[in-house]
Amino acid sequence: MAKDDNLPLFETKLAKGRILFQFYSLLIFVGTCFIFAYRLSHIPAKGEPGRWAWMGLFFSELWFCFYWFATTVVRWNPIYRNTFKDLLSHRYEKALPGVDIFVCTADPVIEPPVMVINTVLSVMAYDYPPEKLSVYLSDDGGSDLTFYAMLEASRFSKIWLPFCKKFKIEPRSPEAYFRTAVEPLGEPVLAKEWSTVKVLYEDMKKQVENTTKLGQISEEISKEHKGFNEWILVASRHDHQTILQILIDGRDSEAVDIQGQPLPTLVYLAREKRTQYHHHFKAGAMNALIRVSSRISNSPIILNVDCDMYSNNSKSVRDALCFFMDEEKGNEVGFIQFPQAFENITKNDVYSSSLNVIMELELPGFDGNGGPCYIGTGCFHRRETLSGKKYKKNSKADWKRWSNRSVEESTSVLEETSKILASCSYEENTQWGKEIGLKYNCAVEDVLTGLTIQCRGWRSIYFNPERKGFLGVAPTTLLQSLVQHKRWSEGDFYIFASRNCPFVLGYKKIPLKLQLSYCIYLLWAPTSLTTLYYATVPSLCLLRGISLFPQISDSWVLAFAFVIFLHRAYCLGECIWFGGTFEGWWNDQRMWVYKRTTSYFFGLLDYILKRLGFTKSAFVITTKVADDDVSQRYEQEVMEFGTSSPMFTILATLALLNAFCFFGGLKKLIADLETLVWERFALQILLCGLLVLINLPVYQGLFFKKDVASLPTSISYQSTIFALLLCAIALY
């Protein structure tokens with residue numbers, strides 16, 4: 001027994017195959033050196049055509065080389081974690097700390113209330129003492145429809161939680177469970193309860209959906225709870241007082257399920273909003289929750305999830321506590337990041353939304369270099385880290401003190417006294433959003449907050465269990481995916497170009513290899529410029545008759561062929577290893593080009609315009625639901641355009657430009673067979689042809705599809721004019 005008390009609560013394992021990867025990296029490095037040697041030794045003379053295009057290509061390749069180096073640093077030493085939950089239970093079951101769970105939503109139309117309450121119910125049903133769980137919903141939409149859904153969820157939880165725990169079901173989101181589970185006809189007891197609970201859930205779901213469709217709360221429903229009276233004073237979703245309702249008070253002896261077991265505390269919060277105050281989007285909502293929860297439950301551990309990321313693993317809390325409560329290393333842990341995973345990914349991942357390589361390889365690489373970044377959802381925090389506390393080497397958490405805390409006020413008094421903490425004026429002349437809580441004035445407040453916590457000395461941990469901790473909804477249209485990445489890239493570059501740059505903020509505070517690791521995301525935006533250059537200039541030079549690569553018979557061509565083939569083959573291997581397909585890898589290559597030529601370019605442009613004062617920050621919520629036609633095309637892996645966007649104009653222009661240049665190059669090749677045009681332009685023709693293949697869905701959207709998913713006629717006209725204009729400039 002005493003021997004078990006000295007065992008760690010988790011273990012760390014090095015990734016397999018590191019030597020093979022390191023050998024691959026060495027080969028790529030040698031090949032790249034030969035490419036640079038060719039570039040430097042074959043620079044066109046002054047006045048010779050193509051000199052500036054050559055120089056631009058050389059600097060683009062230098063940038064790609066630096067970016068490859070950063071990705072290599074991330075992949076050099078990935079580590080993986082395992083937890084020992086049985087040891088945790090044996091050692092601390094009676095002294096487990098409280099856990100506050102934050103769920104954030106912002107719009108009842110884009111994020112339907114039924115989806116929100118499924119996430120809420122899934123985290124209420126964790127395999128954890130319910131009296132030590134407190135669930136908070138932040139409704140930045142200030143919607144009485146969402147409040148009504150929460151009220152229904154609080155009632156249904158009395159049936160759902162005992163059902164989950166009695167039969168140990170997974171997942172514990174009712175919608176996900178009943179959608180994926182097969183009725184257990186062979187188990188009479190389970191089958192009977194299964195049918196009863198399913199009917200009750202469908203009834204609740206139908207009531208919530210019908211009320212949501214009506215768009216307003218009926219007079220009959222409004223009499224069910226005093227909380228509805230708050231909306232009498234609401235002017236709009238952007239102008240209202242704090243609405244705070246404790247729907248289930250876990251301290252109340254009558255707050256029990258149908259089996260008499262205690263229920264978790266459940267709190268609804270719509271923080272105050274006034275037009276004269278900036279509300280700071282999700283970061284502001286999270287900070288309001290931190291303050292309100294400190295008054296109501298004040299648990300030492302905080303989990304935050306997006307409203308579309310339901311809990312898929314009821315053991316996740318215990319997994320996280322294995323890191324926080326480890327005797328040797330637990331005191332240095334600031335946050336535990338779980339991966340983002342999605343339940344609606346198609347077989348070949350048409351929009352490359354699965355983030356498999358990021359979640360399965362890059363974040364473990366971050367962990368090996370000093371700790372993963374905070375990605376905004378599925379993250380367990382030590383409350384002290386979000387309160388601005390710095391890590392002290394010899395300090396130890398007193399879990400017993402936290403677990404025994406109690407509040408004496410009545411529910412109504414607690415509601416009223418907590419409202420001030422979510423008021424607009426509370427943060428005035430304070431350090432909230434600066435040194436305390438989540439950071440403000442950044443589109444990726446999560447990444448910046450996590451970096452700041454790491455720079456205060458705390459260690460972060462990445463934990464990727466075999467059964468995913470959380471499942472969400474990936475974008476189902478191309479535009480949704482591109483807009484999402486635009487916001488990420490703009491926010492990431494803001495961090496890099498500010499005093500919060502890892503090389504500045506993290507100097508002598510976090511390892512250099514972790515500083516470099518951050519670059520693979522923070523430099524998405526400027527990478528757009530080099531990608532755009534490579535996607536246009538070689539093609540235009542092909543049309544003009546200017547060679548930018550070695551002849552096919554020249555030995556220098558081997559360096560280019562070797563690096564290109566080996567790098568792409570490795571990427572294909574990565575994709576297959578982490579569960580992808582060949583077609584999925586090809587879709588990933590396509591989206592690599594699309595994101596870097598549109599999302600990241602507009603992210604960079606937005607950053608520049610904001611710095612110049614021409615635009616202001618805005619938070620775009622990704623739609624979490626799609627109509628039936630869009631969903632059907634997504635499941636069939638048909639690329640969805642269907643609307644006008646400057647991003648689509650760029651995509652279509654680049655697609656047409658490369659098509660014109662490719663056929664122009666082929667024409668020149670056929671017309672001048674005797675002059676060995678193929679010798680001089682083989683690599684440029686291949687590059688141009690590859691870009692044409694990548695853009696096949698764009699050509700289909702422009703010319704061959706005439707349904708609602710095709711590109712609008714206006715974009716066809718605009719892109720054709722722009723592409724022809726660029727070709728004309730190149731020729732003349």
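Tutor: Let us begin with His225, which lies in the loop between α8 (219-222) and β5 (243-248); helices (H or I, at least four residues) and strands (E, at least two) are DSSP runs, numbered from the N terminus. This is a predicted model, in which local features need pLDDT of at least 70 and side-chain atom pairs count only at pLDDT 80 or more, while totals for chains, interfaces and linings use all residues. Residues are numbered from 1 along each chain as its sequence is written, and side-chain values use heavy atoms, with hydrogens and water left out.

Student: OK, is His225 buried or exposed?

Tutor: His225 has a relative accessible area of 18%, so it is buried, where buried means under 20% relative accessible area, exposed over 50% and partly exposed in between, with a 1.4 Å probe and protein chains only.

Student: And what is His225 in contact with?

Tutor: Leaving aside neighbours within four places in sequence, His225 is in contact with Phe147, Leu151, Gln245 and Leu247, contact meaning heavy atoms within 4.5 Å.

Student: New topic: which residues touch the most other members in the largest nonpolar core?

Tutor: They are Trp160, Ile336 and Phe380, out of 76 residues in that core. A nonpolar core is a set of buried Ala, Val, Leu, Ile, Met, Phe, Trp, Tyr and Cys residues joined through side-chain atoms within 4.5 Å. Helix α5 (residues 144-167) gives the most to this core, with twelve residues.

Student: What does Trp160 have around it, then?

Tutor: Beyond its neighbours within four places in sequence, Trp160 is in contact with several residues, among them Leu121, Ile169, Arg172, Pro174 and Val197. Trp160 also belongs to an aromatic cluster, together with Phe156, Phe163, Phe167, Tyr177, Phe178, Trp194 and Tyr201.

Student: How many aromatic pairs are there in the whole structure?

Tutor: A search finds 49 aromatic pairs, where rings of Phe, Tyr and Trp (its six-membered ring) pair if their centres lie within 6.5 Å, and planes under 30 degrees apart count as stacked, over 60 as edge-to-face and the rest as tilted. Phe338 and Phe463, for instance, have ring centres 5.6 Å apart and planes at 85°, so the pair is edge-to-face. Phe338 is in the loop between β9 (333-337) and α11, and Phe463 is in the loop between β11 (459-462) and β12 (470-471), so the pair ties together parts that are 125 residues apart in sequence.

Student: What about Phe366 and Tyr521?

Tutor: Their ring centres are 5.6 Å apart and their planes are at 10°, so that pair is stacked. Phe366 sits in helix α11 and Tyr521 in helix α18 (residues 512-522), 155 residues apart, and both are buried.

Student: Switching to strands, why is β3 largely enclosed?

Tutor: Seven of the seven residues of strand β3 (residues 99-105) are buried, so the rest of the structure largely encloses it. Val99, Ile101, Val103 and Thr105 are buried on one side, and Asp100, Phe102 and Cys104 on the other.

Student: Which strands pair with β3?

Tutor: β3 pairs in the parallel sense with strand β4 (residues 133-139) over seven bridges, and six bridges join β3 to strand β7 (residues 301-306), also parallel; two strands pair if DSSP finds at least two bridges between them. Phe102 stands opposite Tyr136 in β4, while the bridge partner of Val99 in β7 is Ile301.
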